[in-house]
Amino acid sequence: MANQLTRQQQSGSRKSKALPGGTRAPDFTLRSTPDQFVSLSEFQGQPIVLAFYPADWSPVCGDEMALFNEVLPEFQNLGAELVGVSVDGAWCHAAFARDRKLHFPLLADFEPKGAVARQYGVYRDGEGVSERALFVIDAEGIIYWSYVSPVGVNPGANGVLSALEDLQNKKATKESQQSKELKETK
Amino acid sequence: MKGAQTDSIPATRLTVPVARRDHIQGPLDAPVTLLEYGDYECPACGQVFPIIKTVQERLGNTLCFAFRHFPLTNVHPHSEHAAEAAEAAGAQGKFWMMHDILFENQDALEDEDLIRYATALKLNARRLIAEVEAGAYATRLREDFMSGIRGGVNGTPTFFINGLRYDGARALNALLDAVTVR
C-alpha cells in the first residue's frame, strides 16, 4: 500500500484548485454503463460522495475503490450514496467493477474527456487523468467537503465519514429547531 | 453556509487504543505497542508475517503486538471466513495458533482447510466451522475494520506504533528501527 507520505507531498496537495466547501456542485450527466446515464441532480435530497480517481486497474485506485466498497454500508447508514468517476470508458468501468465486485456506480468522464473533472478543478493537464479527489455534496447540492490526495496515496474513508456525520448532525439540529418553531407558532 | 475545511489531512492516529478487547502478545503495558491491521488473504500481510515474528523475538517483553482484522472481503473472498476462524479459535483459547496457520497457508483458506486447521489444533472443529458459517464474530470484525478506517487505515497491512500510523518500509531493519527508537 502506498502509505509512504512525505511532508512535501502533503503540502503539495494543498495547491489544488479543487472546488472548495460552500460551492454549488456543478451538475453533470455521465454514462454509468454502456447504455445508461446518471446525473448528479438525481441525487438531490441526499448527500453524495464523488470519488474521482485517475484510472481503473492501477494498483492504488484499486485499493481505494476496494476500500470504499467495504465502507459503503457505513456511507449508506449515513444516508449517502457513492459514485466513482474517472476518464475511463463505460466498458472499461464495467470490466473493472465486475472484477473488483464493486457495489456502487463508476461514471465515465470520457467524452469530452475529463470535462467533469475540469468543472470540479481536479483535472491533471498533460497527464489526461483526474486527481485523486473526494467531494462530499450535501442534500441541497452544495459541496460540503473536498479533499485532494497525492495521486499515489489512497486517501482512505475517514474524511468522508466525518463529513457525512457532520451533515447528519446538522440535519438533526435543523429538524429539531424546526419542530420547536412549529410548536411555538401553534 | 460555509462547508468544512477543504484539504484537511485525514487522521493517522489510532482512535481506539489497544486494550483488553484486542488479541495481544506481550504485556499490555510494554513500552512499545505495535498494532497490525491485517487480512489473512492479503499477500503483503503474508510477506510481513515472518518479519513481525522476528521483531517480536528481538524485542521480547518490551513489545506488545496486537492484531486487528481488516478484511477486504470483495477483493479477497476468503478473508472474512479466515478472520471468523481466527476469532472462533480464539473463543476456544487458540487465536494466535490459528492466526499463524492462516498466514502460513494463505493459498489454502477454503472452509475445508479451516476445518483441517481446527482439527490439527485439537479444537472443536464442528463448533468452529458452525460459528464461521454463521458469522458469529461479524460484529467484532466490523468493529476492528471501522476502528481502522477512522484511524487512517487505507489498506493492509497497516501498522501503528504507540498509536501513530507507521508509514515506513516493512523490511526487518526499518521496522526494528521504528520500534526501538521510540
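How near do the axes of helix H4 (residues 111-120) and helix H5 (residues 125-134) of chain B come, and at what angle do they cross? They come within 9 Å and cross at roughly 145°. This is a predicted model, in which local features need pLDDT of at least 70, side-chain atom pairs count only at pLDDT 80 or more, and totals for chains, interfaces and linings use all residues. Residues are numbered from 1 along each chain as its sequence is written, and chains are lettered from A and ligands numbered from 1 in the order in which they are written.

**Helices**
- Helices (H or I, at least four residues) and strands (E, at least two) are DSSP runs, numbered from the N terminus.
- Axes are lines fitted to C-alpha atoms, for helices over the stretch in contact, with angles from 0 to 180 degrees between N-to-C directions.
- In the H4(B)-H5(B) pair, B:Asp111, B:Leu114, B:Ile115, B:Ala118 and B:Thr119 meet B:Ala125, B:Leu128, B:Ile129 and B:Val132; residues are in contact if their C-beta atoms, placed from the backbone, lie within 7 Å.
- Helix H2 (residues 79-91) of chain B also has an axis that comes within 9 Å of that of H5(B), crossing at roughly 135°.
- H2(B) contributes B:His81, B:Glu84, B:Ala85, B:Ala88 and B:Ala89 to this contact, and H5(B) contributes B:Leu128, B:Glu131 and B:Val132.

**Sheet**
- Five strands of chain B form an open sheet of mixed pairing, in the order S1-S3-S2-S4-S5.
- Strands S1 (23-25) and S5 (164-166) of chain B are at the edges with a single partner strand each, so one side of each has no neighbour in the sheet.
- S4 (residues 158-161) of chain B pairs with S5(B) in the antiparallel sense over three bridges; pairing requires at least two DSSP bridges between two strands.
- B:Phe159 has B:Tyr166 in S5(B) as its bridge partner.

Technical notes: Two residues are in contact if their C-beta atoms, placed from the backbone, lie within 7 Å.
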